[in-house]
Amino acid sequence: MSHLLRNLRVGVKLGIGFGVCLFLSLVIALTARVGFQKMDRALIKISQDSMLGIEALGQFGGHARQVRLLQFRIAGTDQSQARAALIQELQDEIKTSQELLDNYGASCSQPEDQKNYDELKNDWKAYGQAWDGIKEKVLSTPSAQAVPLFEKQTTALFSDQLVPLIEKMDKWNSESGRKEIREAQETHNKAELYLFLSLGASILLGTYLAIVIARGILMPIAQIKDRLESLEPLRPGTSGRHDGHVQGRPHHPLFPQHPARGVRLERRTGRYRHHL
């Protein structure tokens with residue numbers, strides 16, 4: 001490569017050098033951009049999937065337990081006015097719980113998470129249907145019989161299905177979040193490594209090209225300087241040709257001799273001139 005650069009013109013050499021510098025700058029910029037994009041995707045996955053999922057699931061679990069507590073209170077009171085207030089509060093809690101469950105479903109991005117969500121949605125629907133099926137009987141039954149009736153008809157659905165499933169999903173989301181954090185850290189480390197590698201390679205290649213181009217420019221200049229310095233000025237008033245020699249010195253390649261012409265060297269303003 002250095003041999004090829006040595007034979008090129010100075011303008012071409014400089015153009016190659018600047019072009020390579022621009023190319024290396026582009027490589028570094030692209031490497032950094034790709035790394036930042038991967039980190040952004042990892043952070044978005046954590047913030048919009050795991051974190052939102054854990055938050056929505058936790059809030060749903062709290063409101064679902066509040067729903068069951070209100071149902072117990074409705075079954076355990078015989079006062080119609082208190083029951084009416086509790087029923088209104090229960091409707092608000094059921095609506096809020098459903099919105100939180102829908103929010104969790106919107107955050108699902110993995111097949112296993114979607115499967116758990118579908119199961120939770122069906123169990124919550126089944127629990128609501130169980131309450132709707134016994135609500136009128138609970139409201140028309142004295143509290144002493146209404147509470148055992150409600151507990152008998154709904155405990156299996158809530159305590160044996162909904163609660164374990166919510167705990168299972170909460171554990172899954174926590175583990176998934178920790179995994180995504182580790183992946184984000186690995187992505188950051190890889191992006192940093194690739195950036196430093198590309199930067200180091202760019203520095204090495206740029207240094208090598210700078211040396212080669214500088215040598216390709218300076219060496220010919222140095223050779224010309226050495227050839228000029230190898231010529232000694234002739235004394236004034238002397239001239240002549242002696243079979244390819246000037247004043248007893250061998251012919252120099254910078255100053256070709258012609259058999260039919262004389263050669264005279266004289267020093268003017270510090271430069272040698274060739275007069276034919």
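This is a predicted model: local features need pLDDT of at least 70, side-chain atom pairs count only at pLDDT 80 or more; totals for chains, interfaces and linings use all residues.

**Buried rings and other contacts**

Student: Buried or exposed: which is tyrosine 104?
Tutor: Buried means under 20% relative accessible area, exposed means over 50%, and partly exposed is in between (1.4 Å probe, protein chains only). Tyrosine 104 has 1% relative accessibility, so tyrosine 104 counts as buried.

Student: In what order do the elements run from the N terminus?
Tutor: Helices (DSSP H or I, at least four residues) and strands (E, at least two) are numbered from the N terminus. The protein chain has 5 helices and 2 strands. Their order is α-α-α-α-α-β-β.

Student: Back to the rings. How do tyrosine 104 and tyrosine 117 pair?
Tutor: Rings of Phe, Tyr and Trp (its six-membered ring) pair if their centres lie within 6.5 Å; planes under 30 degrees apart are stacked, over 60 edge-to-face, and the rest tilted. A search of the whole structure gives 6 aromatic pairs. In this one, the ring centres of tyrosine 104 and tyrosine 117 are 6.2 Å apart and the planes sit at 40°, so the pair is tilted.

Student: How many residues apart in sequence are those two tyrosines?
Tutor: Tyrosine 104 belongs to helix α3, while tyrosine 117 belongs to helix α4. Tyrosine 117 also counts as buried, at 8% relative accessibility. The pair therefore ties together parts whose separation in residues is 13.

Student: What about the pair of tryptophan 131 and phenylalanine 150?
Tutor: Tryptophan 131 is buried at 3%, and phenylalanine 150 is buried at 0%. Their ring centres are 5.5 Å apart with planes at 90°, so the pair is edge-to-face.

Student: Which helix does phenylalanine 150 lie in?
Tutor: The pair links distant parts of the chain, 19 residues apart. Tryptophan 131 is in helix α4, whereas phenylalanine 150 is in helix α5.

Student: Which residues does serine 97 contact, leaving aside its neighbours within four places in sequence?
Tutor: Serine 97 sits in helix α3 (residues 80–107) and is buried, with a relative accessible area of 0%. Contact means heavy atoms within 4.5 Å. With those neighbours left aside, serine 97 touches Phe60, His63, Ala64, Val67 and Trp124.

Student: Which element gives the largest share of the lining of the largest pocket?
Tutor: The largest pocket holds about 230 Å³ of space. Of its 15 lining residues, the closest to the centre are Gln71, Ile94, Gly128, Trp131 and Asp132. The elements that give two or more residues are α2 (10–75), α3 and α4 (111–139). The largest share, 8 residues, comes from α4.

Key:
Residues are numbered from 1 along each chain as its sequence is written. Side-chain values use heavy atoms; hydrogens and water are left out. On a 1 Å grid over the protein atoms alone, a cavity is a set of points where a 1.4 Å probe fits but cannot get out, and a pocket is an open set with protein on both sides within 12 Å along at least five of seven lines; lining residues have an atom within 4 Å of a point. Grid points are joined across faces, edges and corners, and a volume is the space filled by probe spheres set on the points.
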